[in-house]
Amino acid sequence: MDTLKSNAMETFKQVVSTLHNPEVQEWKQQGGKVIGYFYSYIPEELITAAGLLPYKIRGVGSPGAAKADKYFTHNVCTLVRDTFELILDGKFDFLDGVIVFNACDHIRRIYDNWKSLENNHYLNFLVLPKKYGKEQLERYFEELSSLKEEIEKLFNVEITGEKLKEAIKLHNEKRQLQRKLYDLRKRENPPLTGAETLTVMIAGEVMPVAKYNALLKEFLEELEVKEGQKPAVRLMLLGGEIDKPELLEIIESQGGLVVTDYMAYGTRAIAYDVPEDGDPLKALAKYYFEDRPPCPRLHGTYQKRFDYIKKVAKDYHVDGIISIRLLLCDIWGFEQNDVSGMLKAEKLPYLKLETEYALTNAGQLQTRVQAFIETLKEVCA
Amino acid sequence: MTNTKTGVERIYEYRDRLKGIIEAMKQAPEEQRNPFLEGVFTLVLEANEKTIDCAENKKPFISSWYGNSPEIYTSMDIHFINPVFDLLFHEYLTDLYDVKEADKMSLPDDICSLIRFGAYAVENRLLPRPTAIVSMLEPCDGELMLHQYFQSSDHWGGVPIFALDPPYGATEEDFKYFAGELKRMIAFLEEISGHQFDVEKLRKIVEEMNLQYELWGEYNELRRVTPCPHGSFSGSVPFWALTQHLPSGDPRATELIRMMVKDAEAKVEAGIGAVPNEQIRILWADLAPQWADLIGPWLEQEWGANVVMDYQGYTPYSQIDTSTEKTMLFGLARRSLHEVPMIRQGRGTVEVIIEDMTRIIKDYNINCVIWPGHMGHKDVAGSINFMQEVCRSLNVPLLSLTTSLFDERYTPLNRVKQQISEFFEAKGWKRVNR
């Protein structure tokens, strides 16, 4: 990265390393409002169309969970506990509203607890059906319609069809640029690391999209002509809301390069575009609920998930696959286990890892990845 | 090597063990016989025999889970199994054999023990391959993922599946939506079994179930009396099995529940409490643990304490209007989503836990709440502050533990007893046996 002239990467790193980042500060200084959300089934386009800034909440910079312990016992994952500590510390006070959905048993209680605090934000809870189906898509569409109405009422704006279409176009442009970024990683000598890619991807969720798109375009132009080094082994990472580039740095420090993934901040978010014709709210509902590569939390999608993982692994010429799970996560506990049979049948070497949000077991992770990469090197040789 | 086990072998094992136990029970002197337990065991035995019959004679049967409106299956003459019911039933008859064997699974050990047992049972072919699966996707992530695991497993992969999608709220609209899911489930069951749904048959079953739940309600009323006529967990464990895990609407099950009611009634009239000098009336704020028979007697003998109510027993089941198919499906939807234990407390927002805890403490003269902190109940682990607030406002002490309700080894029982004793001592209660 040192050879690049653009300061795009510096900006991306900066916005990712803090919560109330300079881009958000600037937006607020100009009178803009910010809506925080957990996680990938909240359409950002709806927030953008209301003239608000969509901001994906993370637990970055949390000092631990000393105060959050009163609300969440040690049986709750550290992503949630660490994030709630930041909430209690007032680190999200810059938000003008928050949208939560029933993503998992841990996240959904953030809503109840946050709501119980004094001087809390406007909080909305969106219900995502738990299975894939026609009636469930209709339910999700109704949920989005209610959310739209609530945002309109609360922020005194009208989200017209035209505004929604514009927002869809803007976010599609973001996805297209991000896909170009991913395409560069298919090269024999990818010009950027997995950790850098994740940084770019996270930045797209915590800063104004138009500015992000402009920066990413600039960054891509430089990357197009940049040649990286041929990695010893090409890795694919499977996981949920993994939002720590440091984790990928740990993995890549052992000689492998993460060239692709099946993650919320990765291919799952950018695989396709939202159709720009027809009813825009219906298009959003269908895209988020049905078209995108799904989260394992949606019953009835396991074959679709497995097929997508196989396809991506093939497209990116992957040598080995690593899955990462935050301790206490039941969803990824099963998913890690269930994909192993499929990967074995595909003859794809596979390593399962577990960690805490603060990466407290970094040394152990390094050791395990090192051993895995050594094995892969032998196989590749 | 191909695994030739069909799963029915294990059901034979269950059946034979139960036969022996029932036989031994019947041979006991008249005054030592326990007709209630004999009755429950007989119904479980019959369910095992039915499973064997279905599996061996290609008769349709399904795998399901409590809370999926079993009334419908029975009305359609479709036998059902729960992947963990028999395994748990035999847990203490086999010195925790399966519990220990399940340790060998590759699933992480921070996943709910119960859910792990479900995966273990299928992975190890301890259940026959059913005609179809009706999935439950609530109240926790583990449940949802377990049913996807079934689809990707060697033994049960490819079995037709219908998943019931639970709404998050408890409004009339939510119940109507779930009633629609039940209607779609009926269509699925008709297709896979060839059995036709008959509204009259459902009405008969639901009417009998209404009676069972009414009796359960009466029984709970009797447990409000001080001293409590029966011991810790004594109604909740068998009643749940009778109403949710075994074929629905069996008049013999109704009689068994009535038997418990009459016994409790007689004790109340005579002023007899299950615990002499009852000093601590506990709300156990979760399901009854598998180790209920180990912790309950100890609480009673050591501390004069009785678990007067728990969330498995506290089931405010309401009567279902049987006038039309629509009213019945609506009632079953409400029951499935909002009345069945664990689903009631775990599925949606935290309000239900607050409401139940408040009402039980007030209605049952509770002077101590124990929250076992089951390791699988991650949602409740995020509700601890609300529970503390309720207890503080009602001036009742709360003990928060960490255990597995289904595996006593998770926090060794002696450690649990020690924590409870320290808590009681700190609150000023004296041991009764010293």
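This is a predicted model: local features need pLDDT of at least 70, side-chain atom pairs count only at pLDDT 80 or more; totals for chains, interfaces and linings use all residues.
I'll start with strand 5 of chain A, residues 233-238. How many of its residues are buried? The count is 6 of 6, and the strand is described as mostly covered. Buried here means under 20% relative accessible area.

Now look at the two sides of the strand. In a regular strand the side chains alternate between the two faces of the sheet. On one side of strand 5 of chain A we have A:Val233, A:Leu235 and A:Leu237.

Next, the neighbours. Which strands pair with strand 5 of chain A? One is strand 6 of chain A, residues 256-262, which pairs with strand 5 in the parallel sense over 6 bridges. To find the place on screen, go to A:Met236, which stands opposite A:Thr260 in strand 6 of chain A. Between these two strands the chain passes through helix 10 of chain A, residues 245-252, and this β-α-β crossover is right-handed.

Strand 7 of chain A, residues 320-326, also pairs with strand 5 of chain A, again in the parallel sense, over 4 bridges. Here A:Leu238 has A:Ser323 as its bridge partner.

The largest pocket has a volume of about 1400 Å³. It is lined by 47 residues, and the closest to its centre are B:Leu37, B:Phe233, B:Val237, B:Pro238 and B:Asp293. Several helices of chain B each supply at least two lining residues, among them helix 2 (35-56) and helix 11 (251-270). Which element gives the largest share? That is helix 12 of chain B, with 6 residues. By class, the lining of this pocket divides into 32 nonpolar, 10 polar and 5 charged residues.

The second largest pocket has a volume of about 640 Å³. Of its 24 lining residues, the closest to the centre are A:Ser340, A:Gly341, B:Ser152, B:Ser153 and B:Asp154. Elements of chain A and chain B each supply at least two residues of this lining, including strand 8 (350-355) of chain A and helix 7 (141-152) of chain B. Helix 14 of chain A gives the most, with 8 residues. The classes in this lining are 8 nonpolar, 8 polar and 8 charged.

That is what I have for today.

Definitions and conventions
Residues are numbered from 1 along each chain as its sequence is written. Chains are lettered from A and ligands numbered from 1 in the order in which they are written. Side-chain values use heavy atoms; hydrogens and water are left out. Buried means under 20% relative accessible area, exposed over 50%, partly exposed in between (1.4 Å probe, protein chains only). Two strands pair if DSSP finds at least two bridges between them. A crossover is right-handed if, with the strands pointing away from the viewer, the path from the first strand over the helix to the second runs clockwise. On a 1 Å grid over the protein atoms alone, a cavity is a set of points where a 1.4 Å probe fits but cannot get out, and a pocket is an open set with protein on both sides within 12 Å along at least five of seven lines; lining residues have an atom within 4 Å of a point. Grid points are joined across faces, edges and corners, and a volume is the space filled by probe spheres set on the points. Ala, Val, Leu, Ile, Met, Phe, Trp, Tyr, Cys and Pro count as nonpolar, Asp, Glu, Lys and Arg as charged, and the others, Gly among them, as polar.
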